[in-house]
Amino acid sequence: MRVRSETLNTLIDCTYEAAVRPQLWRTVLHDISETFGADGASLFAWPYGEENAVWSKGLDGLAEQFFACGWHTRNLRFSRALSVYQAKSVYTEADLFSAEELDTLPFNTKLINPSFYNCFFTVKN
């Protein structure tokens, strides 16, 4: 998928605006996910909890389950990401988990895979 540079520039500007006006994050994340053909996008900050998370409307159902069922306390992505954080600027779940783990970890088998959300990546600043 190719994204026009004007679109990227607009998204970057909106991201900076959301950094100082947090009420804009849901809209910005929605725009980002639409631009890249994703169902949704989310941001999490430490400490890891609902009060430090924001997601686009496309992930409302998944986010509700994620927090209501306590999956945020059992998600290994954050702890695994710490091990590659210094080495890479962009990484995917394949950098954090083996293919077997992605098929068998309860977080994936009970939450992610049944929801058809099976792609994850992160970017550090």
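Visitor: Which residues of helix 2 (residues 25–35) are buried?

Guide: Trp25, Val28, Leu29, Ser33 and Thr35 are buried there. Buried means under 20% relative accessible area, exposed means over 50%, and partly exposed lies in between (1.4 Å probe, protein chains only). Helices are DSSP runs of H or I with at least four residues, strands are E runs of at least two, and both are numbered from the N terminus.

Visitor: What puts these residues on the same side of helix 2?

Guide: They cover an arc of only 160 degrees around the axis, so they sit on the same side of helix 2. The arc is that of the directions from the helix axis to the C-beta atoms. One caution: this is a predicted model, where local features need pLDDT of at least 70 and side-chain atom pairs count only at pLDDT 80 or more, while totals for chains, interfaces and linings use all residues. Residues are numbered from 1 along each chain as its sequence is written, and side-chain values use heavy atoms, with hydrogens and water left out.

Visitor: Why is Arg4 called exposed?

Guide: Arg4 has 59% relative accessibility, and the cut-off for exposed is over 50%, so Arg4 counts as exposed.

Visitor: What makes Arg4 and Glu6 a salt bridge?

Guide: The term needs a side-chain nitrogen of Lys or Arg within 4 Å of a carboxyl oxygen of Asp or Glu. Here the closest N and O atoms are 2.9 Å apart, so the pair qualifies.
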